[in-house]
Amino acid sequence: MTLAPWHDAGMDNVDREALPLSLEPGISYAIARLQQLVFGSVSEIAQQHDLTALQFTTLSVLHRHGAPLSNSQLARRSFMAAQSMHEVIRNLEQAGLIKRIPHPDNRRKRPASLTAKGRRVLASCELAVAEFETRMLEGFSRADQARFLEMIKTAVRNLGGGFHGST
């Protein structure tokens with residue numbers, strides 16, 4: 001017997017004709033589509049500021065944390081592989097947007113922090129992202145926006161993706 005590509009062995013005893021078909025997208029699909037649109041828009045905004053989306057994320061993480069972070073700390077908080085973060089850090093340092101100073105207790109560690117230029121570029125980029133988010137959330141009340149953010153953060157926490165404390 002040849003199975004259709006969508007065959008689910010757990011559904012052998014289910015009448016597929018009786019399954020309700022919805023014309024509405026599922027939550028996962030809608031979130032994936034939103035993620036594509038957000039990432040594409042943020043990438044375009046970052047590019048206008050001579051940054052990649054990953055560089056913008058790294059600058060944002062450094063700003064939110066407030067204290068210098070190591071490559072591995074930045075990689076974890078930016079959802080990147082350590083090797084990718086190494087390249088991002090190198091490019092940001094060459095552009096004068098971050099500085100790395102050897103750790104007083106371990107000269108091999110060189111935590112990164114924002115420079116004044118990095119803060120200016122980040123502020124300009126974040127302003128453009130805020131304008132994009134305003135357009136994205138048009139029609140949402142402030143309370144709806146707060147609930148929407150909390151629901152997203154809760155879903156991320158439920159899947160073990162963070163937002164346990166400070167992000």
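Tutor: Here is a short chat about this structure, which is a predicted model.

Student: Let's start with pockets. How much space lies in the largest pocket?

Tutor: About 2,000 Å³.

Student: Which residues are closest to its centre?

Tutor: Val38, Phe79, Ile152, Val156 and Phe163. They belong to a lining of 40 residues.

Student: And which elements give two or more residues to that lining?

Tutor: Four helices do: H1 (27-48), H2 (53-65), H5 (116-136) and H6.

Student: Which one gives the largest share?

Tutor: H6, with 9 residues.

Student: What's the lining like by class?

Tutor: It has 24 nonpolar residues, 11 polar and 5 charged.

Student: Back to Phe79. Where does it lie?

Tutor: In the loop between helix H3 (71-77) and helix H4 (82-94). Its backbone deserves a look too. Phe79 has a positive phi of about 60°, although it is not a glycine.

Student: Is Phe79 buried or exposed?

Tutor: Exposed. Its relative accessibility is 68%, and the cut-off for exposed is over 50%, so Phe79 counts as exposed.

Student: What other non-glycine has a positive phi?

Tutor: Asp50, with a phi of about 60°. Asp50 sits in the loop between H1 and H2. It is exposed, at a relative accessible area of 73%.

Student: What comes just after H6?

Tutor: Gly160, with a positive phi of about 75°.

Student: Switching to aromatics. How many aromatic pairs are there?

Tutor: The structure holds 1. The pair is Phe140 with Phe148, and the ring centres are 5.5 Å apart.

Student: Why is that pair edge-to-face?

Tutor: Because the planes of the Phe140 and Phe148 rings are at 75°, and over 60 degrees counts as edge-to-face.

Student: Why quote both a distance and an angle?

Tutor: A pair of aromatic rings is described by the distance of the centres and the angle of the planes.

Student: How exposed are Phe140 and Phe148?

Tutor: Both are partly exposed. Phe140 has a relative accessible area of 33%. For Phe148 the value is 25%.

Terms used:
Residues numbered from 1 in each chain as written. Predicted model: local features only at pLDDT ≥ 70, side-chain atom pairs only at ≥ 80, totals over all residues. Heavy atoms only, no water. Phe/Tyr/Trp six-rings, centres within 6.5 Å; stacked < 30°, edge-to-face > 60°. Buried < 20%, exposed > 50% of the residue type's maximum accessible area, 1.4 Å probe, protein only. 1 Å grid on protein atoms, 1.4 Å probe; cavity = no way out; pocket = protein on both sides within 12 Å on 5 of 7 lines; lining within 4 Å. Points joined across faces, edges and corners; volume = space filled by probe spheres on them. Nonpolar A, V, L, I, M, F, W, Y, C, P; charged D, E, K, R; others polar.
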